[in-house]
Protein chains: 2
Amino acid sequence: MGRTSDAKEKILTAAHSLIEQRGYSALGVAEICKTAGVPKGSFYYFFESKEALALAVIDEHWAAEQRGWNRILGSDAEPLERLRRLFEATEASQRAGQESCGAISGCLFGNLSLEMSNQTEAIRERLQEIFEAQAEMVAKVIAEAQERGEVNVPDTRAAAQSVVAQLEGQVLFAKLYNNTSPLGTLWGNCLALLGATVPARV
Amino acid sequence: MGRTSDAKEKILTAAHSLIEQRGYSALGVAEICKTAGVPKGSFYYFFESKEALALAVIDEHWAAEQRGWNRILGSDAEPLERLRRLFEATEASQRAGQESCGAISGCLFGNLSLEMSNQTEAIRERLQEIFEAQAEMVAKVIAEAQERGEVNVPDTRAAAQSVVAQLEGQVLFAKLYNNTSPLGTLWGNCLALLGATVPARV
């Protein structure tokens with residue numbers, strides 16, 4: 001039992017790293033197993049298809065990211081300060097990835113949304129659920145800031161989606177330029193998008 | 001000569017459509033030639049590799065898109081009105097794609113940035129040039145609006161990149177949800193990002 005769990009974990013870890021580096025389509029099961037150091041037969045013992053593995057990678061990545069988002073956005077800090085910390089954590093995480101593998105890999109969910117949305121409905125639906133959960137989490141904080149009169153938006157949910165869209169767009173540029181500096185704009189742009197009463201910078 | 005030019009055009013058209021639908025990695029030269037209805041030997045007569053073909057597809061797509069952007073952003077309309085028309089044209093183009101093939105394919109350059117940035121330097125550099133050209137075009141219009149006192153940003157180039165980032169992020173959601181409605185937020189968000197003196201909406 002110890003050995004089989006270990007093989008499953010090795011496959012997930014290898015697939016996570018390969019999908020972050022090169023996307024989903026470019027990978028084959030044989031390469032994933034070779035990187036994981038497990039025989040190909042093991043793969044189909046744990047996963048019925050490459051798509052099932054991708055869904056498991058997405059779920060594992062979101063479970064970890066969601067814990068981070070909950071810790072930051074559910075803290076006792078003031079609402080706008082929590083949003084600022086979320087952007088700082090995003091920048092720190094992309095910088096850590098760049099330092100460990102030489103290239104910014106971007107957001108796994110954004111990458112797969114653009115690569116896979118139109119190809120597998122199961123992956124599209126899972127990614128929709130994740131981005132909806134992200135927008136809900138951000139919307140809750142925006143609603144708190146709105147109650148305190150610190151921001152001014154007609155629709156907290158739409159505003160949250162715009163904040164996440166700005167984040168995904170700047171992460172795209174960070175990946176394209178292999179440079180975290182576009183992420184330095186996120187806080188000022190968030191304040192501007194929310195009509196914050198503190199001075200906004202672009 | 002007529003026949004060979006025709007074969008090249010057929011390969012480019014097939015590759016453009018396949019890359020929009022399924023990305024770059026998922027495609028093989030054999031499939032591109034089959035879709036184009038040309039023998040595989042023709043391919044290597046015109047293109048030395050799949051990467052060379054992808055660069056040609058990117059160049060052709062940008063040449064057409066740049067003409068559209070120049071027409072809109074270089075018009076006689078007031079500067080902010082030109083930006084509004086750019087977002088309307090983006091939305092119309094994504095809607096037309098959805099009507100013709102059933103799915104929103106998103107922005108070819110954004111798709112390839114997330115799929116290919118870390119895999120081929122030639123494609124990464126070409127995409128960087130295109131996004132820099134887009135930001136320059138938008139920055140010029142923002143500078144005009146700033147001179148007229150209609151917007152208030154400390155750095156027109158950074159503001160332009162944020163406007164394009166917002167666009168790419170909302171196009172990502174339009175593709176993920178196969179729904180153009182996220183694009184309806186672009187104009188209000190642009191005004192907010194630019195600190196426009198007209199009331200901004202998120």
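Two residues are in contact here when they have heavy atoms within 4.5 Å of each other. Keep that in mind as we walk through this model, which is a predicted one.

Let's start with Asn70(B), which sits in helix H4 of chain B, the stretch covering residues 50–73. Setting aside neighbours within four places in sequence, Asn70(B) is in contact with Ser75(B) and Met137(B). Met137(B) is 67 residues away along the chain, yet the two C-alpha atoms are separated by 8.0 Å. Is Asn70(B) buried, partly exposed or exposed? With a relative accessible area of 45%, Asn70(B) is partly exposed.

The C-alpha trace of chain A spans about 60 × 35 × 30 Å along its principal axes. Of the 202 residues in chain A, 54% are buried. Take the contacts in chain A with a separation of 6 or more, and 63% of them come from residues 24 or more positions apart.

Next, how do the two chains meet? The contact takes 45 residues from chain A and 45 residues from chain B. The size of an interface is often given as the accessible area lost when the parts come together. Here chain B and chain A bury about 3,900 Å² between them, with 62% of that on carbon and sulfur atoms. How many salt bridges are there between chain B and chain A? The count is 0. Polar contacts are another story: there are 21 residue pairs in polar contact between the chains, counting pairs with both residues at pLDDT 80 or more.

If you'd like to find chain B's side of this contact, look at helices H1 (2–22), H6 (108–116), H7 (121–147), H8 (156–177) and H9 (186–193), each of which gives two or more residues to it. H8(B) gives the most, with 15 residues. Sorted by class, the side of chain B that touches chain A has 21 nonpolar, 18 polar and 6 charged residues.

Two residues of chain B let you see this up close. Gln170(B) lies in helix H8 of chain B. Because its relative accessible area is 2%, Gln170(B) counts as buried. Leaving out neighbours within four places in sequence, Gln170(B) is in contact with Gln161(A), Ser162(A) and Ala165(A) from the other chain, and with Pro182(B), Leu183(B), Thr185(B), Leu186(B) and Asn189(B) from its own.

Asn111(B), for its part, is in helix H6 of chain B. Asn111(B) is buried too, at 9% relative accessibility.

Last, the cysteines. How many disulfides are there over all chains? The count comes to 0. A disulfide calls for cysteine sulfur atoms within 2.5 Å, and the sulfur nearest to that of Cys101(B), belonging to Cys107(B), is 15 Å away. Cys107(B) is likewise in no disulfide, with the sulfur of Cys101(B) as its nearest.

Conventions:
Residues numbered from 1 in each chain as written. Chains lettered and ligands numbered in written order. Predicted model: local features only at pLDDT ≥ 70, side-chain atom pairs only at ≥ 80, totals over all residues. Heavy atoms only, no water. Buried area = accessible area lost by both parts, 1.4 Å probe. Salt bridge = Lys/Arg side-chain N within 4 Å of Asp/Glu carboxyl O. Polar contact = N/O pair within 3.5 Å; in protein donor to acceptor, adjacent residues only side chain to side chain. Helix = DSSP H or I, 4+ residues; strand = E, 2+ residues; numbered from the N terminus. Nonpolar A, V, L, I, M, F, W, Y, C, P; charged D, E, K, R; others polar. Buried < 20%, exposed > 50% of the residue type's maximum accessible area, 1.4 Å probe, protein only.
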